[in-house]
Amino acid sequence: MQLVVARVGRAHGIKGEVTVEVRTDEPELRLGPGAVLLTDPATAGPLTVETGRVHSGRLLLRFEGVRDRTAAEALRNTLLIAEIDPDVKPEDPDEYYDHQLMDLDVVMADGTEVGRITEISHLPSQDLFVVERPDGTEVLIPFVEEIVTEIDLDEQRAVIDPPPGLIDDRAEIASSRDEDVDKDADEDEDV
């Protein structure tokens, strides 16, 4: 199974180093010296990590055969992909690989069906589940423990406890807003 572990950023310096946006909780395992990574686009790789270091809080990598700034800059925005065993699980029991979460049923704590996870969106601040509802619409659910209270891989479901308004029907929200507007109008007439 293939797992995106990083995205190449800007070139750093003149000796072929690049910054990388890490997309794995195990960078020392997946991006360490000697790691061979597939790429997207495929024509850029495979790439073998020669060296890695942290500079000002950013991971810098140098790949075998990439010796100057021009070659490093040519790799910008390339996705780095590791080949992993699909049966291997992260060391932390509260961590999951994307492939483990895809297609899980999403339900409320009371069992109410919300939908099915069709995509995991990795944003800088947090990850989001893209959930397809039974009616075909999508809802975004932040993957934070305050909202996603349980992941049960055996039962193939994610249990959520969303705050008000996160998955509520928009028509209900609009109608309650309209009621508030009507109420304000009635109060203005009384004055």
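1. The largest pocket of this predicted model is lined by 29 residues, and those nearest its centre are D25, Y96, H122, D127 and F143. A pocket is here an open set of points on a 1 Å grid over the protein atoms alone, with protein on both sides within 12 Å along at least five of seven lines; a lining residue has an atom within 4 Å of a point. The space in the largest pocket comes to about 910 Å³, where a volume is the space filled by probe spheres set on the points, and points are joined across faces, edges and corners.

2. Strand 1 (2–12), strand 2 (17–22), helix 3, strand 8 (113–122) and strand 11 each contribute at least two residues to the lining of the largest pocket. Strand 11 gives the most, with four residues. By class, the lining holds 15 nonpolar, ten charged and four polar residues; Ala, Val, Leu, Ile, Met, Phe, Trp, Tyr, Cys and Pro count as nonpolar, Asp, Glu, Lys and Arg as charged, and the others, Gly among them, as polar.

3. Residues are numbered from 1 along each chain as its sequence is written, and side-chain values use heavy atoms, with hydrogens and water left out. Local features need pLDDT of at least 70 and side-chain atom pairs count only at pLDDT 80 or more, whereas totals for chains, interfaces and linings use all residues.

4. The chain has four helices and twelve strands, taken as DSSP runs (H or I of at least four residues for helices, E of at least two for strands) and numbered from the N terminus. Of its 191 residues, 33% are buried, that is, under 20% relative accessible area with a 1.4 Å probe and protein chains only; exposed means over 50%, and partly exposed lies in between. Among contacts (heavy atoms within 4.5 Å) between residues at least 6 apart in sequence, 46% join residues at least 24 apart.

5. Six strands form a closed barrel in the order 1-2-5-4-3-6, with antiparallel pairing. Neighbouring strands of this sheet are turned by 50 degrees against each other on average, direction ignored; axes are lines fitted to C-alpha atoms, for helices over the stretch in contact, and angles run from 0 to 180 degrees between N-to-C directions. Two strands pair if DSSP finds at least two bridges between them.

6. Strand 5 (residues 58–63) pairs with strand 4 (residues 47–55) in the antiparallel sense over six bridges; F63 is the bridge partner of V49, and R58 that of H55. The two strands form a hairpin with two residues between them, and S56 in the turn has a positive phi of about 55 degrees. Three bridges join strand 5 to strand 2, also antiparallel, with L60 as the partner of T19. Strand 5 is largely enclosed by the rest of the structure, because five of its six residues are buried.

7. Most residues other than glycine have a negative phi, and most peptide bonds are trans. Cis peptide bonds join D40 to P41, with omega about 15 degrees, and G45 to P46, with omega about 5 degrees. P41 lies in the loop between strand 3 (36–40) and strand 4, and P46 is placed in the loop between strand 3 and strand 4.

8. D103, in the loop between helix 3 (98–101) and strand 7 (105–108), has a positive phi near 70 degrees and is partly exposed at 44% relative accessible area. Q156, in the loop between strand 11 (148–152) and strand 12 (157–160), has a positive phi near 55 degrees and is partly exposed at 36%.

Note on methods. 1 Å grid on protein atoms, 1.4 Å probe; cavity = no way out; pocket = protein on both sides within 12 Å on 5 of 7 lines; lining within 4 Å.
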